[in-house]
Amino acid sequence: MQNGNGKTPRENTSFSIDIGLLSLLKEYCHRNDRSQSDAANRAIKLLLANEMAETQAFWEERYGEVKE
């Protein structure tokens, strides 16, 4: 999903997070030389991937019917 210059298009958004999480986010970003935007994008991708992987349809689509 890249545009003509090879970068993924982005949109500015605003949301609220708990103050305690904000300080942890800032600390994480400083320690790992990552922007808050990049960290938030990664966290959202991980959340969505985790949610998908919890559904039976996800596993059936990839590996056929899964027996538990």
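**View 1. Arginine 31 pairs with glutamate 27 in a salt bridge.** In this predicted model, the closest N and O atoms of the two residues are 3.4 Å apart. Both residues belong to helix α1, where four residues, about one turn of the helix, separate them. Arginine 31 counts as exposed, at 55% relative accessibility, while glutamate 27 is partly exposed at 48%. Helix α1 spans residues 19-32 and is where confidence is highest in the protein, with a mean pLDDT of 96.

**View 2. Arginine 10 and aspartate 38 meet through their side chains in a salt bridge.** Here the N to O distance is 3.1 Å. Arginine 10 sits in the segment before α1 and aspartate 38 in helix α2 (residues 36-53), so this pair ties together parts of the protein that lie 28 residues apart in sequence.

**View 3. Glutamate 61 forms a salt bridge with arginine 62.** The closest N and O atoms of this pair are 3.4 Å apart. Glutamate 61 is exposed, with a relative accessible area of 64%, whereas arginine 62 is partly exposed at 40% relative accessibility. A word on confidence for helix α3 (residues 56-63): the mean pLDDT there is 83, the lowest in the protein.

**View 4. The whole protein contains three salt bridges.**

Methods:
Residues are numbered from 1 along each chain as its sequence is written. This is a predicted model: local features need pLDDT of at least 70, side-chain atom pairs count only at pLDDT 80 or more; totals for chains, interfaces and linings use all residues. Side-chain values use heavy atoms; hydrogens and water are left out. pLDDT is the predictor's confidence in each residue, from 0 to 100. Helices (H or I, at least four residues) and strands (E, at least two) are DSSP runs, numbered from the N terminus. A salt bridge is a side-chain nitrogen of Lys or Arg within 4 Å of a carboxyl oxygen of Asp or Glu. Buried means under 20% relative accessible area, exposed over 50%, partly exposed in between (1.4 Å probe, protein chains only).
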